[in-house]
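Hi everyone, and thanks for making time for this. I'd like to walk you through a structure that may be new to you, so please have a look at it while I talk.

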Amino acid sequence: MTERSLAEIKKQNGTIHLSERAWGYLFAGPAFILVGLIALAPITAALWLSLRQQLPIFGIDAFVGFQNYLQLFEDDRFWAACRTTLYFTVLSVSAELLLGFGFALLLSRLSDGGGGGLRWAHVMIILPWAIPTVVSAQIWAWLYQPDYGLLNYLLYAAGITEGRIDWLGDPDWAIHAAVVMDVWKTTPFAALLLLAGLKTVPQELYAAARVDGAGTWEQFRRITLPLLMPVVLIVLVFRTMDAVRVFDAVFVLTGGGPGNSTETLSIYAYKTLFQTLQFGYGSALATAMFVLAALLSLLYVLLLRRHVQESA
Amino acid sequence: MAEVRIEQLEKRIGPKTILPPLTLTVHDGEFFVLVGPSGCGKSTLLSLLAGLDQPTAGRILFDGNDVTDLEPRERDVALVFQSYALYPHMTVRENMAFPLSVVPRAKRLERPRIEEEVQRVAGFLGLSALLDRRPRELSGGQRQRVALGRALIRKPRLFLLDEPLSNLDAQLRASMRAELLRLHKELKVTTIYVTHDQTEAMTLGDRLAALNQGRVQQIGRPHDIYAAPANLFVAGFMGYPPMNLLSARLKNDSIQAGPWHLTKPPEAPTVSQEQTVTVGLRPEDVVVGPANGLDDEGVVCGIVRLTEPSGPTLWVTVELNDLNSEAFTIIGTAQAGFVPKIEDRVEVSALQATLHLFDPMTGLRLGAS
């Protein structure tokens with residue numbers, strides 16, 4: 001297509017005549033180049049690196065083909081990281097979606113009432129999302145602190161726990177502590193997207209449903225939920241992509257420990273690449289993560305497309 | 001089916017009165033039309049009847065039972081919205097089945113029975129071929145029928161229609177009017193129909209109530225209202241083109257409206273001499289003919305300002321001028337075969353006209369007829 005259109009360049013009366021398509025490519029060119037430089041080039045470089053064994057400190061740099069990937073399949077630590085990542089993703093994304101939906105419905109009710117507290121509620125809800133992850137992770141690290149942390153103090157004062165719980169030091173608690181922090185931080189994002197979605201549902205549909213005899217639950221199940229499905233899927237896509245790549249939240253809280261119990265794929269890749277400097281193998285890990293995220297989002301996109309087609 | 005009684009029903013939001021106290025009875029099985037300009041409170045009244053909105057004061061009774069505090073679902077009322085409010089994500093079948101499918105499980109019909117009902121109503125409305133479409137794949141008229149179907153499927157006690165035809169083109173509107181009348185004749189459900197279009201009100205209603213600023217101006221059969229509007233608002237609102245309303249003075253046996261002498265009808269109410277009245281003349285009673293120069297009794301000259309052909313009749317707006325009074329315009333009908341042009345000099349007469357007399361201060365009709 002491009003060749004054909006570009007071949008249509010003709011010189012007439014000293015001015016250059018390009019087809020509309022050719023002009024289009026010309027104007028889009030800078031954007032293409034920018035995307036190529038900042039996205040495609042690094043991805044290609046990482047893919048190339050993942051086919052090599054590169055250990056700069058030993059001066060090793062050789063092409064090894066798919067050997068790094070074969071090694072991945074036998075690497076228990078890789079599979080553990082996969083499991084941790086998926087566990088973290090499923091737990092945090094579903095909690096964020098449910099809580100986000102709850103907040104969105106609450107905020108939507110508030111704004112229907114026209115209450116003056118609405119703006120205040122908006123600000124309060126968006127605040128956790130506005131704080132940089134590293135900062136909020138550090139805040140939570142202090143809350144979780146076993147000896148002086150607020151969480152243990154409150155639980156003890158309320159008589160719920162006897163002794164201190166080492167939230168981040170106990171392998172069973174640590175990943176959940178990270179999930180809670182992530183949910184706290186990113187529920188606002190889900191809530192705001194869903195709130196925007198709720199606002200697009202015409203109020204008249206609810207009036208019609210009420211007259212038709214639908215109660216609150218039926219209205220939610222038959223009207224709100226199906227009409228919000230595209231937004232729900234978009235929330236899922238965004239949140240899943242983020243959760244699969246989670247790094248800073250977990251790294252600041254636990255650094256992947258205790259043991260490797262909270263080590264997600266990105267933490268494992270980071271450690272392999274930058275702490276042990278195995279550039280080849282680390283790149284293979286990063287590629288695996290990329291593939292996982294791509295597969296998940298492909299799944300969502302297919303779901304979304306089917307849904308859009310159904311309702312179109 | 002139900003008789004609907006509205007007693008001193010009132011709606012205020014804060015200090016603002018949306019609907020001043022209103023009392024009204026709609027008979028069982030009647031097609032009742034609420035007509036009035038936008039903002040007259042008719043849609044509010046409909047919301048109150050459907051139970052979507054709560055009144056500030058007053059009662060609503062269906063067949064003598066107080067339903068004022070009941071939820072919409074407990075009232076057994078169906079409402080057709082101006083925008084139809086079809087559920088966009090559902091097919092026509094699902095839309096129409098919706099009222100039946102949200103009934104509490106204990107009272108809900110079996111699936112096959114619901115499907116039967118959908119088929120029955122769809123057949124009735126000519127929607128059988130469209131059951132698997134979604135609202136956006138339908139034309140305006142089809143959507144309208146789906147909205148009707150969704151309202152009818154439950155066999156409601158009361159059928160409320162909020163300007164259901166206003167989004168349709170003129171041709172379709174006329175045929176849907178006929179359809180609505182047919183439906184009503186067959187189903188005999190008490191129907192309250194809200195519109196701002198007086199033509200709809202005149203053609204559809206068994207009875208109608210003209211509303212202005214939340215107050216009932218007149219209730220009656222369309223013909224009675226047309227023949228004897230109770231006040232200046234109804235006179236000006238009902239009928240197209242609107243009634244000519246002229247300021248006039250009573251003199252002996254005639255009525256002097258600007259340059260125009262109108263014969264005072266014998267049945268006219270006795271009002272004191274020299275009293276100022278507002279006289280109303282239906283445009284179809286005013287005849288516009290060519291100027292022949294003769295100074296006939298009850299005939300006045302004027303200049304054509306606007307002509308408006310409408311089927312067999314040609315409405316002519318004429319500006320009447322008098323040396324000692326300000327100019328005013330009057331709408332009349334062109335004599336058969338006479339086609340005046342703008343700026344033409346014409347003669348206007350109203351020899352056979354029914355004169356409607358109103359008190360200009362109160363706006364009320366003078367006399368019984």
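One thing to keep in mind from the start: this is a predicted model. Let me begin with chain B as a whole.

Chain B has 369 residues, and 39% of them count as buried. Its secondary structure comes to nine helices and 20 strands. If you draw a box along the principal axes around the C-alpha atoms of chain B, that box is roughly 80 × 45 × 35 Å. As for how the chain connects to itself, take the contacts in chain B with a separation of 6 or more: 68% of these are between residues 24 or more positions apart.

How is chain B split into domains? The assignment gives domain 1, covering 4–237, and domain 2, covering 244–358. The C-alpha centres of these two domains of chain B are 40 Å apart. Where domain 1 and domain 2 of chain B meet, five residues of one are in contact with five residues of the other. On the domain 1 side of that contact in chain B, we find three nonpolar residues, two polar ones and no charged ones.

Please look now at the stretch of chain B between helix H9 (232–237) and strand E11 (244–251). B:Pro241 is in the loop there, and the peptide bond from B:Tyr240 to B:Pro241 is cis, with omega near -5 degrees.

B:Asp76 has a phi near 60 degrees, which is a positive value in a residue other than glycine. You can find B:Asp76 in the loop between helix H2 (72–75) and strand E6 (77–80) of chain B. Is B:Asp76 buried or partly exposed? With 17 other C-beta atoms within 10 Å, B:Asp76 is partly exposed. The second residue is B:Glu163, whose phi is near 45 degrees, again a positive value in a residue other than glycine. B:Glu163 sits in the loop between strand E7 (158–162) and helix H6 (170–187) of chain B. B:Glu163 has 20 other C-beta atoms within 10 Å, so this residue counts as buried.

Now for some helix packing, with helix H3 of chain B as our guide. Two packed helices are described by the angle between their axes and the distance between the axes. H3(B) packs with helix H4 (residues 111–125) of chain B at an angle of about 125 degrees, and their axes are 10 Å apart. H3(B) and H4(B) are therefore oblique to each other. The crossing of H3(B) past H4(B) is right-handed. On the H3(B) side, the contact is made by B:Arg93, B:Met96, B:Ala97, B:Leu100 and B:Ser101, and on the H4(B) side by B:Ile114, B:Glu117, B:Val118, B:Val121 and B:Ala122. Sorted by class, the residues of this contact between H3(B) and H4(B) are seven nonpolar, one polar and two charged.

What about H3(B) and helix H5 (residues 140–152) of chain B: at what angle do their axes cross? The axes of H3(B) and H5(B) cross at roughly 30 degrees and come within 7 Å. That angle makes H3(B) roughly parallel to H5(B). This crossing of H3(B) and H5(B) is right-handed. In H3(B), the residues involved are B:Val92, B:Asn95, B:Met96, B:Phe98 and B:Pro99, and they meet B:Val146, B:Gly149 and B:Arg150 in H5(B). The contact of H3(B) with H5(B) divides into five nonpolar residues, two polar and one charged.

H3(B) also brings us to the partner chain. Between the chains, 17 residues of chain B are in contact with 15 residues of chain A. On the chain B side, H2, E6 and helix H3 (92–101) each supply at least two residues. The largest share of that side comes from E6(B), with three residues. By class, the side of chain B that touches chain A has 13 nonpolar, two polar and two charged residues.

Let me finish with chain A. Chain A is divided into domain 1 (2–69) and domain 2 (74–311), and their centres, taken over C-alpha atoms, are 35 Å apart. The contact between them takes 12 residues from domain 1 of chain A and nine from domain 2 of chain A. On the domain 1 side in chain A, helix H2 (20–49), strand E3 (52–55) and helix H3 (67–73) each supply at least two residues. E3(A) gives the largest share of that side, four residues.

Definitions and conventions:
Residues are numbered from 1 along each chain as its sequence is written. Chains are lettered from A and ligands numbered from 1 in the order in which they are written. This is a predicted model: local features need pLDDT of at least 70, side-chain atom pairs count only at pLDDT 80 or more; totals for chains, interfaces and linings use all residues. A residue is buried if 20 or more other C-beta atoms lie within 10 Å of its own, exposed if 12 or fewer, and partly exposed in between; C-beta atoms are placed from the backbone. Domain bounds come from an automatic or database domain assignment. Two residues are in contact if their C-beta atoms, placed from the backbone, lie within 7 Å. Ala, Val, Leu, Ile, Met, Phe, Trp, Tyr, Cys and Pro count as nonpolar, Asp, Glu, Lys and Arg as charged, and the others, Gly among them, as polar. Axes are lines fitted to C-alpha atoms, for helices over the stretch in contact, and angles run from 0 to 180 degrees between N-to-C directions. Angles under 35 degrees count as roughly parallel, over 145 as roughly antiparallel, 65 to 115 as roughly perpendicular and the rest as oblique. A crossing is left-handed if the near helix is turned anticlockwise from the far one by less than a right angle, and right-handed if clockwise.
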